[in-house]
Each structure stands twice: as C-alpha cells, then as structure tokens.
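I opened my notebook to look up how this chain packs inside.

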Amino acid sequence: MKSLSFQGIPPDSSCPYREWCALQSFVAQYNNENATNFTLHSFPEIEYRTNPQPEILLVDGESKMVIESKNLLWPEQYIHRHSLWHYFIDFMGERISHVFSDDIYVFNANEDELPMSRRLLNKTIEEITQEILKYSEEIKTGSSLVYGEEPFKWDFSKMPENDKLWEERDAGILFRSRIASKESSFTEKDFRTLSRKIQKVLRLSSKKFLNYEGCLRLIIIKPYSGLLDIGFDVFKEAIKSQAIPDLIDQIWLAEAVEIEDGLSEPYYHLIKHQ
C-alpha cells in the first residue's frame with residue numbers, strides 16, 4: 001500500500017486550541033507506544049506572547065513535553081491552485097446548478113491546469129457556462145457529452161445509471177478533479193527546494209524551544225501535496241536529509257492512512273531524534 005500525504009487545504013493552524021484537537025490522536029498514539037500518560041497542561045504560545053513559544057505543553061508526573069506542529073505544503077503554489085479549484089466549483093455551480101437539478105451530472109477537469117489568474121478564470125467559467133447551457137437539453141437526455149480543450153481539458157455529462165449505484169446524492173453536479181500523475185516532474189532540483197523548505201521550518205521551530213531544556217521537545221510535520229505521486233515517502237526522505245537542530249529532540253511525520261474511500265486519518269512516524 002502506498003504511503004500518502006494529505007490532500008485538500010490544511011485547516012487553519014493559527015489557533016493552538018484547534019491544534020490541540022488535531023494533535024490528541026498523536027498524544028494517544030505516543031502514550032500507547034511508550035507506556036506514558038502525557039496530558040495537556042497549557043498553551044505557552046498563548047500565555048507568553050513576548051517571545052517565540054511552542055504550541056502545547058504536556059505533563060506526565062515530573063516529565064514534560066512541548067510540541068510544535070507544522071503543515072508542510074508541496075508544490076509551492078499548492079494552496080493557491082486548490083483554492084482556485086474551490087472558487088471554480090462555487091462560481092460554476094452558481095451558473096448552472098439551477099438547470100441541472102433533476103439528476104446527477106459530472107464535471108471533470110484537472111485542477112492543476114486551471115488558469116492562475118482570477119480574471120482569466122472568470123472569463124473561462126463564462127465561456128464554459130455558455131457552452132454547457134447551449135447543449136443543456138442534449139445533456140439532460142444523456143445523449144451528449146460536452147467538452148473543451150482550452151485553456152484546459154474539461155467535460156460535462158449526465159452520470160451513467162450504473163455509476164449512480166455508488167452515489168449517495170440523488171441529484172446535483174459532482175465536480176471531479178482529475179489530478180494528473182506527475183511523478184516524473186518531481187526533479188532533483190525540486191527535492192533540494194523541498195529540503196530547504198524543511199530546513200527553514202526546523203530552524204524557525206527550534207527557536208520556540210529555547211527555554212524548554214528540561215522538556216522533551218517535539219516537532220510534528222503534517223505533509224500536504226497536490227500531486228498524487230509526491231507522497232509521504234518523499235517528505236520522509238527530505239526530512240531525513242536534514243541535520244536535526246540541537247533544540248529539537250524528535251521530528252515526527254504524519255502519514256495519511258485511508259480508512260475508507262475519501263477519508264483518511266493520521267498515523268505518526270518518528271523520523272529523526274537526538
């Protein structure tokens with residue numbers, strides 16, 4: 001089974017309380033694997049705002065642990081591209097959903113091919129909308145598939161009856177992003193760029209542990225990638241290529257474990273330690 005990075009837009013990590021909710025599964029896994037009983041003590045980042053602080057302080061008797069959690073994104077424009085895809089879905093939906101509400105319809109495109117300019121994307125949406133509405137009757141009878149090639153490949157059609165057996169919805173438009181496999185496009189240069197990005201994350205995070213010498217100091221990295229073939233293993237090797245800063249005791253990496261179709265949960269791996 002292929003080890004996966006996470007997909008989609010990362011949740012807002014600016015709030016330590018929210019981060020604690022996300023990290024409870026890590027604490028439970030750590031306690032289970034190490035026969036410890038660490039529990040939440042405080043949020044130093046909130047309580048001491050005058051200098052850099054870790055997000056979470058945990059205690060187990062006399063033992064203390066501090067955690068800094070970071071989302072790591074690849075490629076560099078991943079968030080922007082994925083946000084454009086959601087904008088595209090919302091904008092397109094507003095224009096055609098009222099016409100195609102009687103059955104299930106499917107719009108396919110590759111989100112990585114969307115125009116990066118919002119102005120050009122708006123223009124493209126209007127052009128696609130006109131093309132779809134022009135053939136709305138043929139589409140609704142299932143006799144026609146409408147498609148385009150520029151500025152990206154897309155198609156729109158009524159969902160075949162056999163495919164509806166697996167759909168929970170009874171009607172509406174299903175937008176599918178056909179993310180292309182780009183394994184060969186991840187070059188040695190990209191690996192060096194990703195490694196430098198990780199190096200920067202580690203360096204900045206280590207400053208938060210300056211006053212926590214008596215604690216176990218952990219950084220947890222959660223990898224997000226818009227490329228299906230740039231998964232957990234690529235991030236792991238990039239982390240392993242880095243020297244661990246003196247102020248960090250352990251570096252953990254979250255793997256996206258698929259528990260059912262379209263739904264995953266994190267499992268954490270200890271990648272490096274002092």
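I noted first that the model is predicted: local features need pLDDT of at least 70, side-chain atom pairs count only at pLDDT 80 or more, and totals for chains, interfaces and linings use all residues. Residues are numbered from 1 along each chain as its sequence is written, and side-chain values use heavy atoms, with hydrogens and water left out.

Fold. I looked up seven helices and 10 strands (DSSP runs numbered from the N terminus: helices H or I, at least four residues; strands E, at least two). Of the 274 residues, 45% are buried (under 20% relative accessible area, 1.4 Å probe, protein chains only).

Cores. The largest nonpolar core has 24 residues (buried Ala, Val, Leu, Ile, Met, Phe, Trp, Tyr and Cys joined through side-chain atoms within 4.5 Å). L194, I221 and I251 touch the most other members. Helix α7 gives the largest share, five residues. Apart from this core lies another of 23 residues, including F100 and L121.

Rings. I searched the whole structure and got 15 aromatic pairs (ring centres of Phe, Tyr or Trp, the last by its six-membered ring, within 6.5 Å; planes under 30 degrees apart are stacked, over 60 edge-to-face, the rest tilted). F100 and F156 pair edge-to-face, 5.0 Å centre to centre with 70° between the planes. F100 lies in the loop between α3 and β4 and F156 in strand β6, so the pair ties together parts 56 residues apart in sequence. Both F100 and F156 are buried.

Note on methods:
Buried < 20%, exposed > 50% of the residue type's maximum accessible area, 1.4 Å probe, protein only.
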